[in-house]
Every structure is written in C-alpha cells, then in structure tokens.
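Hi there,

Here is the structure I promised to send over. Have a look first, and then read on for my notes on its charged side chains.

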Amino acid sequence: MKTTLFYLVWTILTLNSCKGNSYYSEKQSIEIQNSHDAFLGTISQYDTLLNNIQQKVMDVFVNCKMSKSDKEMVDLEQTLLSLSEHKSNGIIIYWYSYTCYYHSILLMIEKDSKGSEKILDDGILRLNKAGNLNSEQLALLALMESFSIQYASNIETPAIARRVKQNAEKALQLDSLNLRAYYVLASNDFYTPEEYGGGKKASAYLKKAISLNDQSIVNPYLPSWGKSSSYEMLIRLKIKQKQFAEAKKYYHEAIDLFPDDYMINILSKDLINY
C-alpha cells in the first residue's frame, strides 16, 4: 500500500506540473492522464472485488452448484488472474487459489475428476510460485495439497501427506494464532488411517482452532474460514468416539455461533437420542 500511495501521489503531482510546464507536450500530458486513469481503475476494481472476497467465492460456489454449471467460477478465476497482471499482490493469487479449491470441489461433486484435479493443480502451482509464502498462504496450500491426495497414486500419497503436515506446521511457526493451520493439521490427522498413526492429534488441534479468533486483525480482504469447519469436524470426531456428551456440548456452541451452517445443522440427527 505504501508503494500504491507513493505512485498515486507522484502521478497527481506529475499531472499538475504538466498543466503549466512547457517541457511536456499535449500528447505526453494525455498519455500520463490515461495512465493515471487506468491506475485508478485498477485500484477501484481491486477494492471492489477483494472486499469480502471470501463470501463472494462461497456465493459463486453455491450458485454454480445449484445451476450445475461452473461458468461463474471460471469467470471469477479469470477476473482475479487479470487483476493480478496489473497489480502484483500475493493476496490476489491467494484468492485465485482459494477459488480453484472450491472449483475443484464443485467439479468433484459433478463427477468430473479430471477437471477437478486439473484446476486444483493449477491453484497449487500458482500459490507455490508466489514465493516466500506467509502463514495464510501456507495454510491454504496445505489444505489444497491434502485435498489432492484423492488423485494421487499410492506411491505419491505418503510424500504429499508429509508436505501437508510440513506446510501447516510452518504456517504455525509464522503465526501461532492461525486457526486455519490448526484446522488443516487436524483434518490431515482425522483422515489418516489409524494404522498409519492417524486419529491421535485431531481433537487437540480442533479444540485449539475453535479457541482462536477468525482473524488476528479484522480485514475484509483477508481469510476468516476454518472455525465452523473445525467445530463440524470436532463434533463428528466426538460422535465417532462415542463421546456424545462432548459432542452435544460442541454442537450447541457451534449452532449458537453458526446457526445457518448446513454441515453443523445436519449433525443434530446423530445427537437427537443422546
């Protein structure tokens, strides 16, 4: 943002100086004005698109699921990529990859496994290419890599699982209050078969995740996902372990916080007799 502000101030000063400076031709002044207008247009598009972008991705996902068409998802991805060409910013690629993740889920639901794997791989590749990943980017990368295991061969699976764990742990090294990193670690452990050491740490990771704030700093451009999913997984884990009193406790906490969450609501049928 400092670079953005500097450029904006410099451009305005340049335009003002052009008005009374004979060293600039009329053509040069027009070119600078056009550049300035294009820059402001990019900033405006950036602000408009990325404001509450997480909810926008979810809205598009739901629309596409209902219409059984991924056109809106494709359009959103292309808009984000186009914006990234004009404004180099890791947050844009983050949301592009996040959109790819949900696009991949959508295609999986529609039984297009090849398309699902392709868009997921593209999101992972672009996120990796961002370089010097921060805690949030690493947590998302780990989540996407975890989802990619379903498309991996038996030989590839152990290496991907290790990478998921490493990236999530590195995310926590960078930000110990990142609930999304705890959620990914929990999910990785939850879905790892017991014979391979799974199921031992998920409960602790999930309890830690639900104790944390959605965001360290409230910002509509930044991610806040993970808390409702952590509650859902924790409730399912407690039901699986037949610890129904704990399951009901976390269910009531979750439903108070997320009354409209579909995945949490459907768990009530598993607890109705306890």
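How many salt bridges does the count come to? The total is 10. Please keep in mind that this is a predicted model. Here are some of the pairs, with the setting of each.

Let me begin with helix H6, which covers residues 113–129 and holds both Arg 126 and Asp 122. These two form a salt bridge, and their closest N and O atoms are 3.3 Å apart. Along the helix they sit four residues from each other, about one turn. Arg 126 is partly exposed at 33% relative accessibility, and Asp 122 is also partly exposed, at 21%. Buried would mean under 20%.

Helix H12, residues 244–257, contains Lys 249 and Glu 253, again four residues apart and separated by about one helical turn. Their salt bridge has its closest N and O atoms 3.2 Å apart. Lys 249 has a relative accessible area of 43%, so it counts as partly exposed. Glu 253 is partly exposed too, with 30%.

Then there is the pair Lys 269 and Asp 270, where the closest N and O atoms of the salt bridge are 3.6 Å apart. Is Lys 269 buried or exposed? With a relative accessible area of 59%, Lys 269 is exposed, whereas Asp 270 counts as partly exposed at 32%.

Finally, one group goes beyond a simple pair: Lys 207, Lys 238 and Glu 246 are linked in a network of salt bridges.

Technical notes:
Residues numbered from 1 in each chain as written. Predicted model: local features only at pLDDT ≥ 70, side-chain atom pairs only at ≥ 80, totals over all residues. Heavy atoms only, no water. Salt bridge = Lys/Arg side-chain N within 4 Å of Asp/Glu carboxyl O. Helix = DSSP H or I, 4+ residues; strand = E, 2+ residues; numbered from the N terminus. Buried < 20%, exposed > 50% of the residue type's maximum accessible area, 1.4 Å probe, protein only.
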